[in-house]
Amino acid sequence: MSAADLVLVHARVRAPELTGHTAVAVRDGLIAAVGSAADVRDWTGPGTETVDLAGATLVPGLTDSHSHPVWGLEMFTGTDLSAVTDLDGLRAALRSAERRGGWILGFGLDHNAFGGRPIHRDLVEDVLAGAPAFLRLYDGHSALASEAALKAAGIDGPRAFDQRSEIVCDADGRPTGHLNEHAAMDLMTPVLPVTPYAERRDRLVALLSGMAATGLTTAHVMDLGGPDVPGLLAAIEEDGDLPVRLRLAPWCMPGAGEDELDALVRLQERAGRNWRVGGVKFFMDGTVEGGTAWLEHADCHGQGTDAFWPDPEAYSAAVRRLHRAGVGTATHAIGDAAVRHVLDTAGTFGPGGPRHRIEHIETVPDDQLGRFAALGVAASMQPPHTAYTRADHTDQWSLRLGEERAARAWRCRDLRDAGAFLALGSDWPIAHFDARQVLATARAPRGAASARHGLTGLMALEGMTTHAAHAAGEEGLTGRIAPGLRADLTAFGLDPAEAPADEAEGAPVRLAVSGGRITFRS
């Protein structure tokens, strides 16, 4: 064969199963050969870069199957409130919060910090000194706006939306400041401080570089991030390369007609060297804590019996339209009714066609587990979310659902055992993007899921390699270490499939390679 561009030697190659091989050759962005030290001399030439991995375990490049690196930067702006555990802590954080264009912006606020109280601006108004404040809760589906912020956006009472969304109001019709779901929160967008283009660009490159440093080579991005994002990514690639490959899925919201669906189909043609639009993202419900997860029976607050699409059949019709056009879909479905409806929709498709998947699946009954494999629907789950719950079920997620449904928390192992393809991710910025944390919590679930069996080490690794590739319909392109596949590779200082979960969480990352390019080395 012709000389390789890159040769990795003295490795312990997992493909993701152990192979016994110790070296990999890369040429033109693809894996050219896998073999032993004896083969290396035949692969190298004057222009070959050789990297000695000194016994590190080489695995297929890790994929975060659910992330928001572009849109998430806006959510991740301002004061980090993720460490706040109670109302006193929130008030203290807001007193000292920085101002951005006169605004107090915050993110990562846990529902549990309110101690079961209704979310209301009166709880914090006196510490804001009249400043407009917009505080995003950790779930990305709700926020708290101050009185000044509501006035700036012209929000003075309830409104009707095409999607499941609410300006929460008191008995007199006055907004409490709690904005539930996207349409309500989007009313604030025109008045919020805007991040300058250069800052946005620099932050994105820095974020993707940080992701690569944890072993990530690809991210399935569950949004487009704005109409200007293809241009932003193209501009970055004029000067260099993206540290992580991005596969973006623009949103399809309730009310979308034929023109909007046709536009989503056309968007699938947009691509760069290391990014592309691939698939469409839907929402079938919201969140348990916000009372907007679609449940078969009401939650303990009497909420949760409505779908995000007021007419669920309109959702099904839109998905079928995209399916006929060869476009795969990813649907946010947390509650049991939402999961069932998405599976019912997939059950109307014939064999073949694009790949469809369900995101989150936080509570699902026994009778739905086997349907994923039977219908060819991939399960995409985010084990780090379990950290927002508690083993004793005193958290807001568990209290909302009640004991029976809370006991079904994050059934990753049950879905795998039922034959489902299970892709794993972080949902950054909802949870940290560190790929090692995803692997570790998949094996040792936390909070309400801590009593459940976790995945084996190999299952977890497959969730970020082979199963992630399958969920994207890319199993013929990536996800394994084999000749002809894309050269996406990650090297760890220990074996992430064999080491205990707590050690895997801190595994040293020696190298990350995306499409044959070294994007991180220690």
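**Charged pairs, helices and a parallel sheet**

Biologist: How does Asp367 count at 48% relative accessibility?

Modeller: This is a predicted model, in which local features need pLDDT of at least 70 and side-chain atom pairs count only at pLDDT 80 or more, while totals for chains, interfaces and linings use all residues. Residues are numbered from 1 along each chain as its sequence is written, and side-chain values use heavy atoms, with hydrogens and water left out. Buried means under 20% relative accessible area, exposed over 50% and partly exposed in between, for a 1.4 Å probe and protein chains only. At its 48%, Asp367 therefore counts as partly exposed.

Biologist: How many residues apart in the chain are Asp367 and Arg340?

Modeller: These two form a salt bridge, with their closest N and O atoms 3.4 Å apart; the term stands for a side-chain nitrogen of Lys or Arg within 4 Å of a carboxyl oxygen of Asp or Glu. The pair links distant parts of the chain, since Asp367 lies in helix α11 (residues 366–369) and Arg340 in helix α10 (residues 336–346). Helices (H or I, at least four residues) and strands (E, at least two) are DSSP runs numbered from the N terminus.

Biologist: Which parts of the sequence does the salt bridge of Arg12 and Asp495 tie together, and how many residues apart are they?

Modeller: The side chains of Arg12 and Asp495 meet at 2.3 Å, N to O. Arg12 belongs to strand β2 (residues 12–13) and Asp495 to the loop between β22 (489–492) and α19 (501–504), so the parts tied together are separated in sequence by 483 residues.

Biologist: How many salt bridges does a search of the whole structure find?

Modeller: One of them joins Arg480 and Glu17, whose closest N and O atoms are 2.7 Å apart. Arg480 lies in the loop between α18 (466–471) and β22, and Glu17 in the loop between β2 and β3 (23–27), so this pair ties together parts 463 residues apart in sequence. For the whole structure, the number of salt bridges found is 38.

Biologist: How are helices α9 and α10 oriented to each other?

Modeller: Helix α9 (residues 312–324) packs on α10 at an angle of about 40 degrees, with their axes 10 Å apart; axes are lines fitted to C-alpha atoms, for helices over the stretch in contact, and angles run from 0 to 180 degrees between N-to-C directions. Pro312, Glu313, Tyr315, Ser316 and Val319 in α9 meet His341, Val342 and Thr345 in α10, where contact means heavy atoms within 4.5 Å. Angles under 35 degrees count as roughly parallel, over 145 as roughly antiparallel, 65 to 115 as roughly perpendicular and the rest as oblique. The two helices, α9 and α10, are therefore oblique.

Biologist: Which residue in β14 is the bridge partner of Ser67?

Modeller: An open sheet of four strands, paired in parallel, runs in the order β7-β14-β15-β16, and two strands pair if DSSP finds at least two bridges between them. Six of the six residues of β7 (residues 62–67) are buried, so this strand is largely enclosed by the rest of the structure. Strand β7 pairs with β14 (residues 216–221) in the parallel sense over four bridges. Within β14, the partner of Ser67 is Val221.

Biologist: Which residue in β15 stands opposite Ala219?

Modeller: Strands β14 and β15 (residues 245–248) also pair in the parallel sense, over four bridges. Opposite Ala219, the residue in β15 is Leu246.
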